Amino acid sequence: MKSCIAAKCRWEARQKALGNFLLQSLQLMAGSTQMKEVMIMVFRQNHDAYQFFREALQFEIDDSSPSMSGCCGEDRCYKILS
């Protein structure tokens, strides 16, 4: 299995298109290395990031997200998108 463990932007770097660049780069690398999917974790309180990934990059809530899998309910502080 090929994976990218983590990539995140510091608070000061947000709203500068860096996240968009990182995700597009990761999606290109995923395609060229036959990774099955790109998944991200978004903290529930980060509404701007959640909206960005859902609307601008067309990510959906992944089946493995705690709220979707039924393992942990809605009490988790994050969602997994793919």
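Start by selecting D62 and S64: their side chains make a polar contact at 2.6 Å (a pair of N or O atoms within 3.5 Å; within protein, one must be able to donate a hydrogen and the other to accept it, and residues adjacent in sequence count only if both atoms are side-chain atoms). You are looking at a predicted model, where local features need pLDDT of at least 70 and side-chain atom pairs count only at pLDDT 80 or more, while totals for chains, interfaces and linings use all residues. Residues are numbered from 1 along each chain as its sequence is written, and side-chain values use heavy atoms, with hydrogens and water left out.

Stay on D62, in the loop between α2 (47-56) and α3 (66-69). Helices here are DSSP runs of H or I with at least four residues, numbered from the N terminus. Is D62 buried or exposed? D62 is buried, yet it has no salt bridge; buried means under 20% relative accessible area, exposed over 50%, and partly exposed in between (1.4 Å probe, protein chains only). A salt bridge needs a side-chain nitrogen of Lys or Arg within 4 Å of a carboxyl oxygen of Asp or Glu. The nearest side chain of opposite charge to D62 is R54, 11 Å away (Lys and Arg count as positive, Asp and Glu as negative; His and the chain ends are not counted).

Now show the neighbours of D62. Leaving out residues up to four places away in sequence, D62 touches E37, M39, M68, I80, L81 and S82, where contact means heavy atoms within 4.5 Å.

Pick M68 from that list. M68 sits in helix α3 and is partly exposed, with a relative accessible area of 48%. Draw a C-alpha to C-alpha distance from M68 to I80: 9.3 Å in space, for two residues 12 apart in sequence.

Next, select S65, also in the loop between α2 and α3. S65 counts as buried because its relative accessibility is 0%. Beyond residues up to four places away in sequence, S65 touches K79 and I80. Zoom in on I80: its backbone nitrogen lies 3.1 Å from a polar atom of the S65 side chain.

Then go to R54 again. Which side chain meets R54 in a salt bridge? The partner is E60, at 3.2 Å, N to O. A search of the whole structure finds one salt bridge. E60 is partly exposed at 44% relative accessibility, and R54 is partly exposed at 26%.

Finish in helix α1 (residues 18-32), where you will find L22. L22 is partly exposed, with a relative accessible area of 31%.

Methods: Helix = DSSP H or I, 4+ residues; strand = E, 2+ residues; numbered from the N terminus.
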